[in-house]
Structures are given as C-alpha cells and as structure tokens.
Amino acid sequence: MRFEELEIIDPILKALRDKNYEEPTPIQEKAIPIVLKRKDVLGCAQTGTGKTAAFSIPIIQQIHNREGQKSGKPKLRSLIVTPTRELAIQIDESIKDYSKYTNLKHTVIFGGVKQGKQVRKIREGIHILVATPGRLLDLISQGIFNLDDIKIFVLDEADRMLDMGFINDIRKLLKMLPEKRQSLFFSAT
C-alpha cells in the first residue's frame, strides 16, 4: 500500500514525498483512515513505528479541509498531550514537516523555560498545540487560553503518562475538553 491509497490530500502527500515516505507503516495504514472518518482510536505500536504520523497526518488533513483557507486568527482545534518536552518537540517538528504545504499554524509548549515566547505563539492563533501536562494546565489556569474549541484530542504515550503519575492532570484536562470531540490514544504497550 502507498500513502496515496489512504485518501491523503496533495499538500500532505507532497510533504511526505519530501521526507521520502512512500509506504505507510502498519499503525499508519490502520489508523489514518479511521482518524479521517472522525472516529476515536486506541492505537498500540512499538516505539519507532510511526505513531506520530499515524495521528498527525489525518489531524492536519481534517483541519486543513475545514479551516485551511479561512482568513483571520486560527482557532485551537487539536490538542496533543505527551509526557516529556523531548517528545513534545519531536511531535511538533513532525507536524511542521507534514503541514509545510498547508496554512496550518501550530506550536509546542513545555515547562522548564520561560513562557513568554510560547504565550505569544498561542495568542497569535494556532490550530494545533502540542503540550506537556504541567505547562498546559499552568497556562490554562492563567487564562492564556481555553480548550473550548478543541475538536481532536490526542494523548500520546498514554501508558507512560500514567506511569509517570500524570493521571490527575489527565483527569483535569478531560473535564476541560468539550464532550463532543474525537479522542485518540496512542501507546507503545
């Protein structure tokens, strides 16, 4: 199977060709069509099998198709929560690569650094936010933004999040998210 057979739009296919991606991995082949149909997904695959592309490609496509041509300040439509700053940065870089031929705006937030630059990006308007739980809850509690317009919620490395003691943070987040949303949970175990 090739990415073209997964009904991925041309701007994303072009970005995938730039990365020399030709054939989807098993998790991508299974998850992408389901996510594009706006169904919830619980995906489990070993580290290094392309889970990030399995959720980020269809998220980019959904948002691009709904809002990619709109002018004005973008609304936050997708939240991707992950346990570590390294993983958050890595996911944001992948989104940058896959969305480079679209008009989507995205950013990453994590603790351990001053929040000024992160807050500026959010206030400018973004479609996709990649975040670690601590900084995310901190900025929400400061009133910097809210999660009212989220359409797609991703919990990446869900197993590690729970192992690292983020269960209470995740419970808080789930209460803040709209009830009507697409939920994607990805894990290595």
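**Close-up views of a predicted model**

**View 1. Surroundings of Phe145.** Leaving aside neighbours within four places in sequence, Phe145 is in contact (heavy atoms within 4.5 Å) with Leu76, Ile109, Ile122, Leu129, Leu136, Leu139 and Ile140. This is a predicted model, in which local features need pLDDT of at least 70, side-chain atom pairs count only at pLDDT 80 or more, and totals for chains, interfaces and linings use all residues. Residues are numbered from 1 along each chain as its sequence is written, and side-chain values use heavy atoms, with hydrogens and water left out. Phe145 lies in the loop between α6 (133-141) and β5 (152-156); helices (H or I, at least four residues) and strands (E, at least two) are DSSP runs, numbered from the N terminus. Phe145 counts as buried because its relative accessibility is 12%; buried means under 20% relative accessible area, exposed over 50%, and partly exposed in between (1.4 Å probe, protein chains only).

**View 2. The open sheet.** Six strands form an open sheet with parallel pairing, in the order β1-β6-β5-β2-β4-β3; two strands pair if DSSP finds at least two bridges between them. At the edges are β1 (41-44) and β3, each of which pairs on one side only. From one strand to the next, the twist averages 15 degrees. Strand β2 (residues 78-81) pairs with β4 in the parallel sense over four bridges, and Ile80 stands opposite Val130 in β4.

**View 3. Strand β3 and its partner β4.** In strand β3 (residues 106-109), His106 and Val108 point one way and Thr107 and Ile109 the other way, and all are buried. Four bridges join β3 to strand β4 (residues 128-131) in the parallel sense, and Leu129 of β4 is the bridge partner of Thr107.

**View 4. Helix α1 against helix α3.** The axes (lines fitted to C-alpha atoms, for helices over the stretch in contact, with angles from 0 to 180 degrees between N-to-C directions) of helix α1 (residues 10-18) and helix α3 (residues 51-67) come within 10 Å and cross at roughly 145 degrees. Pro11, Ile12 and Leu16 of α1 make the contact with Ile57, Ile60, Gln61 and His64 of α3.

**View 5. Ser56 in helix α3.** Ser56 lies in helix α3 and counts as buried because its relative accessibility is 1%. Not counting residues up to four places away in sequence, Ser56 touches Ile95 and Tyr98.
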